[in-house]
Amino acid sequence: MAWHDALGTAASISSLLQITCQITQFSYRYFSGVRDAHVTRENYLRESRALVVVLLQLKQVLSSGDVQRHQDAATRARSAQLSSVMSDCASGLSKIESTLGKALGHWGMIWPLQQEQIRSHITALQQYRCMLDSFVSANVLATTTATLSRIDPLALSNERAQLLFAFPRPETISKPRILTCPGTGKWFLESTAYHQWLDGTSSVGFIWCHGPLGVGKSGLASLVVDRLMERQRLGGIYLCYFFSDFAAQEKQGLTNVLQSLVYQLIEQGDKEVIDCANESLKHFDAFKNPKVLAKVISEISRLSKPAFLVIDAEDELICRESLRKSLLIMRNSKCRILITSRDQAPRWSYPTSPSSVAILEIKMECPVEDIIKHATERFQESSFQIKPSAELMKQIVQKSNGIFLIAHILIEYLLQQTSVLEMKKVIQESPTEMNEVFESSLRRIDNQPPALRRLAHRVIGWVVNTRELLTVAAMIHAFAVEVDEDVIDPDGLTNSALILHVCAGLVTIDETKTVRLVHTSVYEFFSTRQLGLKEVHTDIARSCILYLRLKPMSNGPAKDARELRKRFEDLPFLYYASHHWGSHIQDEDSDEQLRSTILGLLTNENTRWSAVQSLQFHSEVGNTTIASEFFASIPINQTALHLSAYWGLSSTSRGLIGSGANPTSRDSELWTPLHWAAANGHEKTVAILIEAKSDLNAKDEGWTPLFW
C-alpha cells in the first residue's frame, strides 16, 4: 500500500472510531442494566477505551507528513498489511456493535447475552488493539514530537466523549428554555443582589426565587441562563441548568436531573474538568449514583472557573426533597446556585447542613413594566400592528393581578378581537383568578363552531395523555389519518396557527416545535377534569394503528436502513405510533372496541413487519455502517400473536388463538409469544398463552420465558 493509500485509510479509521465509540456507549447502557456486571463492564470499557486511543494514534501516524516522507522498504511492507488488518477490525467491531445494539434495543428491553459472547467481545477488542498498536509502534520513530503532541487534544476530546456516552442527553430530560420578551426581567438582572451573586462579591451564593403560579419564574430563569451562556461561551464560567417539566415528571428523578447537570459540565470541560470527572466516575455504577454525581458538581465548582447552576420549577420535581440535600453539598463547594419555585426556601434541617449556607430569598411579583413590554410586542407583531393605548394597557395590568400568565392569556384573547372597542368590552368581563381564567378559556373553546371545538379538545387531550409530547408536525400528521385510507391527504392537514388559535391561549409550541400546554398550572387544571379519558386514549391508539397501515408500510418492510430512515423523515408520527400504540389500549373493552383496526395491522404481513422494523430500529444512530448492521440484526418472522403478546392485548391474543394462531411459534430469534408477554410483564396475556399450551421451557439461545 502506498502512503497516499494510507492517507485514504485515515477515513476508514474515522469510521472505526465511530463504531468503537458506539460500542463504548452501548456497553455503558447494557452493563448498567445487568445485575452483578461491574467487573465485566470495567473490562469491557477498559478495552474499548484503549482501542479508541490506539485508533487516534494510528490516525495521527497516517496523517503525519514526516511519516509520509519515510518510504523505505520496511515502511511499505508494514503499510501493505494494514488494509487486511483494517478490514478484519471493521468486520469484527461491527458484529460486536450489532450484538450489543440488539441486546439493548429489541422491543425496548435488555436482551440477555451469554457470558461466552461477552468474553469473546473482550478478547476481540484486545486482539484488534494489539494488531493496530503494533503498526503504530513500528512507525512511531518516523513521527515528530510535534505530530505526537497533536494527539493530546484528540485524546481529550475522546475522553470527554467517553464520559458523555454514559449519560442521557439533557434535551431528552429537561424542558427547553422559554422564549422571553426582550427587555423584560430588568428588575432582577440589574439588581445589586444579582450582580453580587454573578461576580462573587458577597457571601450569598444561593438565590431562591419563589412566587405563585404563572408569575414568570420560568421566564426569569431563562433570562438568567441566557446571560450566563454569554459568559460561558467566552470561557469564563461553567454553567449547568435544568428546567422541570410537569408533562415528564417520571423522567425527572434525582439521578436524571443530576446526570443532566453533570453532562453539561463535562461537555464544556477542559482537561481539569475531564480529569476531575474521570476520577469521581471511575467506579461501577458511579454514573447512576446521586451522591457521586453531586460530588462531581461540587469538585468541578472548586476548580479555576466559577460554576453556576440554575434549576427552574424545583417544586414540580418529584425528587425535590432529595435534590435539596444534593444542593447543600454543591453550595458548600462554592457553586453559585439559583432556584425558582412556588415554595419558599427550605429551612435546612438536615444533619449535614453547614452553618455557612447563606440563601438570599426573593419573593417574585410580575413587574408592571414586564407586562407592558410583552403586551406592546404582541400587539406590534399582530395584525393590528399598533401600540396599545395607556388606558388599554392599564386595564390589562389590572386584570393580570400581578400574574404574567393571566396577562399572556388575556392578551392572546384580545388579539382575536376585531377592534380596540371589542377588546375593551372583553377586558371588562375578564376574570382575575387563575382557575377562573382557565374556566373562561374553556368556555371560549366550547363556544367555537363544532369543528374548531373538536380540534381544540383533541389537541389538549393528546398533549395531556400521550406518553411523550409530540412535535407539531407529528400531531398534524396524526390528526390527518382516515379509516380505509392508506395515504395522508394533504387537504386533510391542519396547521400550527390554527392549533394555537382554537386552544384559546392554553397551548403553545416551544422552540423545539413541540406542542405543550402553556404552563404547569394548565396541566394541573386539566388533570382534575379527565372526563372522557378512555375515549382520548382510544383515539390516540386508533390514530397510531391507522398510521402504521399507511403507505409505504402497507407495501412491505423497508429493504435497507436508508429506506427505513426515509420513512421516519417522511412520516413524522411514525416513531411515536410504532413505539406507543399498544400502550394506549388500556383494558379489554378498548381492545374489543379496536379489534378490527388492530387485526388490520397485525394480520397483514406487510404492515406487521413494517411496524416491527420501526419499533426496533435505532433511528438515532448516525453512522451508516452501524445503522446497516442494526437493520440487518432486526428479528423477523413475528406472527400477529407475537405482537399482540408484546403489547399485552389479552382479548386480541385470546381471539387469535381461538382462530388458530400457534402459541408456540418462534421468530427468527427463537422467541415465542410467551417470551414477549413475560418479558413485558403482561400477566393476563401470559396466563392466556399458558392455558393455550405455550411452552414455558422454550429456549432461544439459552433463555426461557421463566427468565423474565
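Q: Which residues form the negative surface patch?
A: In this predicted model, local features need pLDDT of at least 70, side-chain atom pairs count only at pLDDT 80 or more, and totals for chains, interfaces and linings use all residues. Residues are numbered from 1 along each chain as its sequence is written, and side-chain values use heavy atoms, with hydrogens and water left out. A patch joins like charges within 9 Å, using residues with over 30% relative accessible area and no salt bridge (a side-chain nitrogen of Lys or Arg within 4 Å of a carboxyl oxygen of Asp or Glu). Here the negative patch is formed by Glu482, Asp484, Glu485, Asp489 and Asp491.

Q: Is aspartate 484 buried or exposed?
A: Aspartate 484 sits in the loop between α21 (472-479) and α22 (496-502). Buried means under 20% relative accessible area, exposed over 50%, and partly exposed in between, with a 1.4 Å probe and protein chains only. Because its relative accessible area is 72%, aspartate 484 is exposed.

Q: What kind of aromatic pair do tyrosine 194 and tryptophan 197 form?
A: Rings of Phe, Tyr and Trp (its six-membered ring) pair if their centres lie within 6.5 Å; planes under 30 degrees apart count as stacked, over 60 as edge-to-face and the rest as tilted. For tyrosine 194 and tryptophan 197, the centres are 5.9 Å apart and the planes make 35°, so the pair is tilted.

Q: Where do tyrosine 194 and tryptophan 197 lie?
A: Both residues, tyrosine 194 and tryptophan 197, are buried. They are three residues apart, so about one helical turn separates them, in helix α9 (residues 192-199).

Conventions: Patches are made of residues with over 30% relative accessible area and no salt bridge: like charges are joined within 9 Å, nonpolar side chains (Val, Leu, Ile, Met, Phe, Trp, Tyr) within 5 Å. Accessible areas come from the Shrake-Rupley method with a 1.4 Å probe; for residues, only the protein chains shown count as cover. Lys and Arg count as positive and Asp and Glu as negative; His and the chain ends are not counted. The place of a charge is taken as NZ of Lys, CZ of Arg, CG of Asp or CD of Glu. Helices (H or I, at least four residues) and strands (E, at least two) are DSSP runs, numbered from the N terminus.
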